[in-house]
Amino acid sequence: MAINQELRFKGGLPDYLIRHTTFRQMQIFEAIVRLSSFTKAAEELFLTQPTVSTQFKKLSEALDIPLLDQSARQLKPTEAGQELYQTICKIFNSLAELDTHIAELKGLRRGRLRLSVITTAKHFAPEILGSFAREYPGVDLSLEVCNRERIFERIQNNLDDLYILGQPPSKELSLEAHLFAPNPLVVIAARDHELCKESNISIARLAQEPLLVREPGSGIRNTSMKVFTEHDVTPNIRMELGSNEAIKHAVVGGLGVAILSLHTLSLEGVNGPIEVLDVEGFPIKRKWFLVHQKNKKLSSITNAFIEFALAEEPVIRERMAKLYDQFIQRRKKRKQNS
Ligand code: PGA
């Protein structure tokens, strides 16, 4: 039913929407769009699928315009749906900030911290969050692990308090970045690979090996490709894989060598089936960036986390240095024994 435009506003407020829509409907719509699925939205919100469908229908009727394009294989918001989705993100974000500020006014070390990190940062961010949670047990924590495209979408929709990126953010996004722990890139191979015995392997020699690379847009991939370009050689890309874990398994399976962050080896260390090769110019010394919106008023929990994470920096730096040294020592031993 189309609603007369004059009846939609009262006292400058969207009276019609206030009366005919609910936060619950918006929460359901947000989940449907984010997960591209009614079933997954129902699961996440512990609702039945008919409830999700009914609430979505009521919301569409209240707005009197189609919100989802269900004709394609993947469910997508229409232009109006996308507009609504972004508005809901803003409303919920303001509510989360209100919740945190009220907790602060009550003098509680409580509130919410939403962190989104780029794929490879999942190899250390949860540990920092774990230590932080022990110190601030009343804080509700959430961690999203996303690829670069998705993380920039989240930044634009202001969905999180903080982000961890492997490349400095672009100037247009108006972000503030704190340089954080080291993110060294190394060349890895299976332990029985012939290059494990060699020293100071040239980039030209590396370029002859079948190379396993991350998906386009990955920070590691971008940096790796630059190395080959700078040396004027073309890498022999054998396969593209969307995760560090898949690459490690493919390396162990003998499909090729790869350039990855040393963080991806931190759990198994030198005891795993992977060797770090001695390649000229490696490890490439990169850093992580802890990032937030420039003009955003940060909650005291967010500030506390930034301080906490920066204080963890020497621990992570030392862990990386030690791990790298263990690989060098093992390489030396191997040479002595051969
Ligand atoms: P990636 O980013 O996981 O997207 O490769 C991390 C990095 O830039 O090192």
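How many residues of the shell around the ligand are nonpolar, polar or charged? Two are nonpolar, eight polar and two charged; here Ala, Val, Leu, Ile, Met, Phe, Trp, Tyr, Cys and Pro count as nonpolar, Asp, Glu, Lys and Arg as charged, and the others, Gly among them, as polar. The views below come from a predicted model, in which local features need pLDDT of at least 70 and side-chain atom pairs count only at pLDDT 80 or more, while totals for chains, interfaces and linings use all residues. Residues are numbered from 1 along each chain as its sequence is written.

**View 1. The domains of the chain.** The assignment gives domain 1 (5-89), domain 2 (109-182 + 288-319) and domain 3 (185-285), with bounds that come from an automatic or database domain assignment. The centres of domain 1 and domain 3, taken over C-alpha atoms, are separated by 45 Å.

**View 2. The shell around the ligand.** Ile118, Thr119, Thr120, Arg148, Gly166, Gln167, Asn183, Arg214, Ser218, Gly219, Ile220 and Ser261 surround the ligand; a residue is near a molecule if its C-beta atom, placed from the backbone, lies within 6 Å of it. Both domain 2 and domain 3 give residues to this shell, so the ligand lies between them.

**View 3. The open sheet β4-β3-β5-β12-β6.** Five strands form this sheet in the order of the title, with mixed pairing. Strands (E, at least two residues) and helices (H or I, at least four) are DSSP runs, numbered from the N terminus, and two strands pair if DSSP finds at least two bridges between them. β4 (139-146) and β6 (175-182) stand at the edges with a single partner strand each, so one side of each has no neighbour in the sheet. From one strand to the next the twist averages 20°. Axes are lines fitted to C-alpha atoms, for helices over the stretch in contact, and angles run from 0 to 180 degrees between N-to-C directions.

View 4. β3 and β4 pair in the parallel sense over eight bridges, and Leu113 has Leu141 in β4 as its bridge partner. The chain crosses from β3 through helix α7 (residues 125-135) to β4 in a right-handed β-α-β crossover; right-handed means that, with the strands pointing away from the viewer, the path from the first strand over the helix to the second runs clockwise. Strands β5 (residues 162-165) and β12 (residues 287-293) pair in the antiparallel sense over three bridges, and Tyr163 stands opposite Val291 in β12. Helix α8 (residues 148-156) packs on the sheet and touches β3 (111-118), β4 and β5; residues are in contact if their C-beta atoms, placed from the backbone, lie within 7 Å. The direction of α8 makes about 145° with that of β3. Helix α12 (residues 300-337) also packs on the sheet, touching β3, β4, β5, β6 and β12, and its direction makes about 30° with that of β6.

**View 5. The open sheet β9-β8-β10-β7-β11.** This sheet has five strands and mixed pairing. At the edges stand β9 (236-241) and β11, each with a single partner strand, so one side of each is left without a neighbour in the sheet. Neighbouring strands are turned by 35° against each other on average, direction ignored. β8 (residues 210-214) runs parallel to β9 and is joined to it by five bridges; the bridge partner of Arg214 in β9 is Leu241.

**View 6. Two backbone details.** Phe282 and Pro283 are joined by a cis peptide bond, with omega about 0°. Pro283 lies in the loop between β11 (274-276) and β12. Phe46, in the loop between α4 (38-44) and α5 (49-63), has a positive phi of about 55° although it is not a glycine.

Technical notes
Contact = placed C-beta atoms within 7 Å.
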